[in-house]
Amino acid sequence: MTDDHRMSCSWFPARRFLPLGWVASVAFGIATLMLVSPCALAIPPFARQTGLACEACHTAPPELTPFGRRFKLNGYTLTTRPPLVNDIDDYKRNSLWLTDLPGIAVLAQIGYDHYDRAPPDTGQPYPAHGQSDSFQFPDQFSLVYAGAVSDKVGAWLQLTYNGQSGGVGVDNIDIRYSDHSVDNKWVWGVTANNYVTFQDVWNGFGSYSLPNFNTVTLWSGGVGGSSLNGPLISSFGPGIVAGIGGYTFFNDSLYVELSAYHSSFNGGGTPVVDSSNLAAQGGALDGFAPYWRVAYEYDWGYNSAEIGTTGMFAKWIPSNGYISRQQTLAAAAAGGSFTPAQTFNPGAANQYTDIGVDWHYQYNGQHNIYSFLGHLIHENQHNSDQLTAATFTGLQGGPVYSNSTDTLTGFQATGEYFRDRRYGGLVSFNRTTGRSDVLANGGDGSPANQFEVFELDYLPWLNFRFLLQYNAYQVVANNQNPFTASNSRFPNSPGFPNVKASDNNTWVVGLWMDY
Amino acid sequence: MRRLASRIIIVAAIVVSTLYLHEAMAADPAVPHDRSVYDTKTLVSVACSKCHGFNGISISPLFPILAAQKPLYLENQLRLFRLRARSDPHAQAFMWGIAQRLDDDQIEALAGYFSNQPAAAGKPSRDAALAARGKVIYENGVPEREILGCIGCHGPNAAGIEQFPRLAGQHRDYLAIQVKQFHGLLRENEIMYRYVENITDDEIAAVTEYLASK
């Protein structure tokens, strides 16, 4: 069971990692390792490249219109710019095409958060607490290259400064090759990216699901790194994995994609995940993890509707899947069952099967725009025998999962409305439930959470967005809640009285702009 | 003197042959000087079809149906977009960019392509009485308020005449939006402004209902 980073266009996991105990490590999983920074939204380079205004591709960023989806599936290659440098080979094949205007953009997100209850002090015992608000200026600052690289290849390459970590790192990357039949019945392509679901074109699930703007509210990364449980598939962001896949889009309606992801750790000293950086990575995939996506879109009039399914099968070695030589020897001396000396232990991999459905209805009228979208995803987590075995006692402080199999079910339903792309807002309901696991989750073992996001937006210009957001929590279980004793991120917090989920309620004032 | 003359002849020959070669290369459509040198179908496929459909029949009423449209009208509009001389909101948002680097040959070819696509079938009217009233307005105008009929320019079947566009089978909402933009001077057209200056919303609803159903 891992934590949800549905908005994690994130990077530089090592910077946020704190050395935790084994149980704490599992409890937080990769959650505490991933920075949460808002995704890049609309991208002016695409507008400059195509000559099309934002509204061609977006209802309100980041939600895509049917046109925007096709632009992306065609590899970001549509352009009306003249080439500055062009070359052909002896067979009249184009071998170089450089635009006169490289697609560079600057993105900035600024956020002010006010928490209903001041969060625990990370360094001092109860009743010490931090300030009840925070100002991230910037919350995120990114440089992006986005656009055509050749007539069939396009790229999105993002470099981000994250206000919370103070570091600059490689953020989202999506490089794609695409081609199509002349009548557009068939579009096919290859995508190489470092963020599972970043390549997707519908907004019901994954990196571009709505709501999308977040700063350090609990649901989106949390005060001091606390975070909510969510399916593993939501956690695979930049600096954690990278993958490649092929897709096809038939008859403007049926989309099929098959990809495979592998651990890809940035900034870990060595690109090979081993005992030296597994903990900092928060874990690692064992081999390749297949990811599949099937979606069906039907457009009529002003309407566009999609229903789809997403899934992933992953063998994930959690950060405590490393067994040191010393520990192994100690186990052998004590008569333990771990005989071979090893520094890396694939046998400690948990098997995750995530299968979800998502939906997206969009009405894109002349003045009124509204969408209803969301997802339901179920995760089955078969825990490694080694991590649940009682023989783990004496090695790593005991087993780290109570159950051989844990489950998690995530649900999100969002409604969004915009008038003339200037005024708008959204309401989003989010709920996660799952099998109780005391060792993994602390407290009563529940992984559950439930919250709503209410947002008002004002866009004086399409690339300049003010928003006011309120996050209301009804359920924040156990170690997800920074105020509870089992939250290892705040080891000094035990003893806070009257801990409620609503302690995490947050007002957010945000500004997003790009140019 | 003779030497000078021969030098001039040589230089002239080089210049002429260079120009000729350059011209010949420029005229060779197989040489992709840049990616805007697409054949018409590819151009439609890459750009136009995403909004207007490969066969010129768009799905969203925000974008006009181009199938069977009058070629002269299409050419004129594309030239206006290229010149940025048509400035209604969607022209600016979409067509200024798309049309900015089309050359005259491409414009002519695109107009030919879409005008030769089979016309869209009209959508059955949801309100027969309203469509009937629209037919009267289309043919006779509203004489008491000095609104002239549309039939004179757009033809008895609304199939268009020369530079005057086909309206039959067009999206009802698209037509209504255009009329309102002519009326509000968002889309600059002196003739259309005069025709729709005094028109009411009810009359727009009626005439567009009729045209969309044809």
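This is a predicted model: local features need pLDDT of at least 70, side-chain atom pairs count only at pLDDT 80 or more; totals for chains, interfaces and linings use all residues.

Biologist: What makes up the secondary structure of chain B?

Modeller: Chain B has 10 helices and 0 strands. Read from the N terminus, the elements go α-α-α-α-α-α-α-α-α-α.

Biologist: How much of chain B counts as buried, and what does its surface consist of?

Modeller: Of its 214 residues, 45% count as buried. The accessible surface of chain B is about 11,400 Å², and carbon and sulfur atoms hold 60% of that.

Biologist: What makes E203(B) and R145(B) a salt bridge?

Modeller: The rule asks for a side-chain nitrogen of Lys or Arg within 4 Å of a carboxyl oxygen of Asp or Glu. For E203(B) and R145(B) the N to O distance is 2.6 Å, so the pair passes. E203(B) lies in helix α10 (residues 201–213) of chain B, while R145(B) is in the loop between α6 (128–140) and α7 (151–154), so the pair ties together parts 58 residues apart in sequence.

Biologist: Why would such side chains pair up at all?

Modeller: Side chains of opposite charge can pair when their charged atoms come close.

Biologist: How do you know that R172(B) and D173(B) also form a salt bridge?

Modeller: Their closest N and O atoms are 3.9 Å apart, and the cut-off is 4 Å, so this pair counts too. R172(B) is partly exposed at 24%, and D173(B) is partly exposed at 27%. Over in chain A, salt bridges that share partners join R69(A), R70(A), D252(A), E297(A) and D299(A) into one network.

Biologist: What about D151(A) and K152(A)?

Modeller: Their side chains meet in a salt bridge at 3.9 Å, N to O. D151(A) has a relative accessible area of 29% and K152(A) has 27%, so both fall between 20% and 50% and are called partly exposed. Over all chains, the count is 24 salt bridges.

Biologist: Back to chain B: which domains is it divided into?

Modeller: Domain 1 covers 2–115 and domain 2 covers 128–212. In chain B, 21 residues of domain 1 are in contact with 18 residues of domain 2. The area buried between these two domains is about 1,500 Å², with 52% from carbon and sulfur atoms. P61(B), K70(B) and Y73(B) supply 31% of the area that domain 1 buries against domain 2, more than any other three residues.

Biologist: How many salt bridges and polar contacts link the two domains of chain B?

Modeller: Between domain 1 and domain 2 of chain B there are 0 salt bridges, but 7 residue pairs are in polar contact. On the domain 1 side, helix α3 (residues 71–83) of chain B gives the largest share, 4 residues.

Biologist: Now for the two chains. How many residues are in contact between chain A and chain B?

Modeller: 36 residues of chain A are in contact with 29 residues of chain B. About 2,600 Å² is buried between the chains, 61% of it from carbon and sulfur atoms. In chain A, T80(A), K92(A) and Y302(A) lose the most area to chain B, together 20% of what that side buries.

Biologist: How many salt bridges and polar contacts are found between chain A and chain B?

Modeller: The count is 0 salt bridges, alongside 9 residue pairs in polar contact. On the chain A side, β2(A) gives the largest share, 3 residues.

Biologist: Last one: why does S253(A) count as buried?

Modeller: S253(A) has 8% relative accessibility, and the cut-off is under 20%, so it counts as buried. S253(A) is found in the loop between β10 (241–250) and β11 (254–263) of chain A. Leaving out residues up to four places away in sequence, S253(A) touches A295(A), Y296(A) and E297(A).

Conventions. Residues are numbered from 1 along each chain as its sequence is written. Chains are lettered from A and ligands numbered from 1 in the order in which they are written. Side-chain values use heavy atoms; hydrogens and water are left out. Helices (H or I, at least four residues) and strands (E, at least two) are DSSP runs, numbered from the N terminus. Buried means under 20% relative accessible area, exposed over 50%, partly exposed in between (1.4 Å probe, protein chains only). Accessible areas come from the Shrake-Rupley method with a 1.4 Å probe; for residues, only the protein chains shown count as cover. Domain bounds come from an automatic or database domain assignment. Contact means heavy atoms within 4.5 Å. Buried area is the accessible area (1.4 Å probe) that two parts lose on being put together, summed over both. A polar contact is a pair of N or O atoms within 3.5 Å; within protein, one must be able to donate a hydrogen and the other to accept it, and residues adjacent in sequence count only if both atoms are side-chain atoms.
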